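User: Please take a close look at the aromatic pairs in this model. Which rings meet, and where do they sit?

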Amino acid sequence: MNKTIRRASVFALLLVLALLVRATWVQFYDGKALADDNDNRRNAIQTYSQPLGNIIVAGSAITGSARTKGSDLAYKRTYTDGKLYAAVTGYASQAYAPTQLEGIYQNVLNGTDNRLKAVMDTLTGKRAAPGNVLTTIDPDVQKAGYRALGDKKGAAVAIDPKTGRILAVVSTPSFDPGTLTAANTAGIAWKQLTADKDKPLTNRALRQPLPPGSTFKLVVAAAALEDGLYKNVDVRTDSPDPYIMPGTTRPLANENKSAPCKDASIRTALRYSCNNVFGHMAVQLGQDKVKAMAEKFGFNDDKQDVPVRAYASVYPSGMDKAQTALSGIGQFDVTATPLQMAMVSAAIANGGKLVSPHMVSQITDSDGDVLQNDDDSADSTEIVSSSTAEQLQSAMETVVKDGTGTNALIDGATVGGKTGTAQHGENNSKTPYAWFTSFAKSDSGGKEVAVAVMVEQSDAARSEVSGNGLAAPVAKAMMQAALK
């Protein structure tokens, strides 16, 4: 063999070896990535080759599957009361990645979760029958919140303080997830939804933190009581009125100019929502102590899973004293979701202990056998002492009986709450956000519920925007439904 032929043979052999190495790499290393790629049509064909498992509310499926025509995707997802439950279910689409519970539990719902497979399924590679997701949602509470919010832009969350079960997750305006299920029509619906200025695809209950306004005063009050700055909610505080914020000539004004806010007790300050008291109190405590208490309640937690990942509610750092004063009334850079403010009321109502909020109770296989029980795994954390919790419960009850939250009163129940009207825009130039966070306990049945409501926009005149006027009636409707 001459030199030229020998070199050509070696080169050809190297090419063959390179091809074998590449084929082996693709087969054994890149294969899974290629199989899992969202653009791989085979995945969609497999997912929709049979009916999906269902998301269950109070024993009834709120999802389903329908046979398609003229498509290689044999089935598509369907929804019952889609707009009502969109903030819970999200959507499962032939064209777009699934969201909310549909996305988190897609492997359970399409039958690919390994927990669903029998021994023979594992050996043969056969796809298992899909499982189901059982939620903690109470349909009566969900409907009450959705109807009460109506055409307002806002959100509401209800939690059972004793168990952490989320009874309602409402976000308005909502959308019909059924419009996004079929590949041939989803594109048009997607363009319309994403172009809508009201952002119906945004889950305002879990994923849109906004300034919580005066509802945050509960956190500051908790910090003051736990720190010993004030021994109970009825001792007079050191609160000048007007209170000039440190380093400025600007007074922290009160909405009610005639309210008895000078040196007011925590009870009176919550009743009249005295800004001077809680702004000064935040400065007295210092931002670190307020932040520590806020974080105990759940602020600054960027891994708050319920199991949907909620956006973090924020209590900032690095503030000067004037900014700390503003943070004490839920302004400056403080933000919160309705979920977070419902957690604050839930912990107070539950004697100072916060049970992990969750909106899925169980994951089951197609036969109903339990694969995962989230109710059993919910843990409890002491946020404040039982004494502090009792003090704050009492003060919140005063707010509803004789203060700014009278629209939440319920016959046959003990109700506590805190209103909030958060400034929006530079120099409060835009319509404020209306908040209400609350709890209710049945006087006879033993049931309890904590609710937080945020109204971002309504048809009310700007002068009529208030937590009591807009948000408290929504909370009342939800609490009544939960206590039945």
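Analyst: Start with one term: a residue is buried under 20% relative accessible area, exposed over 50%, and partly exposed in between (1.4 Å probe, protein chains only). This is a predicted model: local features need pLDDT of at least 70, side-chain atom pairs count only at pLDDT 80 or more, and totals for chains, interfaces and linings use all residues. Residues are numbered from 1 along each chain as its sequence is written, and side-chain values use heavy atoms, with hydrogens and water left out.

Now the rings. Rings of Phe, Tyr and Trp (its six-membered ring) pair if their centres lie within 6.5 Å; planes under 30 degrees apart are stacked, over 60 edge-to-face, and the rest tilted. The structure has five aromatic pairs. One of them joins Tyr91 and Phe175, edge-to-face, at 6.3 Å centre to centre and 80° between the planes. Tyr91 sits in the loop between helix H3 (82–89) and helix H4 (100–104), and Phe175 in the loop between strand E7 (166–172) and helix H8 (183–195), so the pair ties together parts 84 residues apart in sequence. Helices (H or I, at least four residues) and strands (E, at least two) are DSSP runs, numbered from the N terminus. Both Tyr91 and Phe175 are buried.

Phe216 and Tyr315 also pair, but stacked: 5.7 Å centre to centre, with 10° between the planes. Phe216 is buried, at a relative accessible area of 0%. Tyr315 is buried too, at 2%.

Back to Tyr91 and Phe175: together with Tyr96 and Trp190, they form one aromatic cluster.
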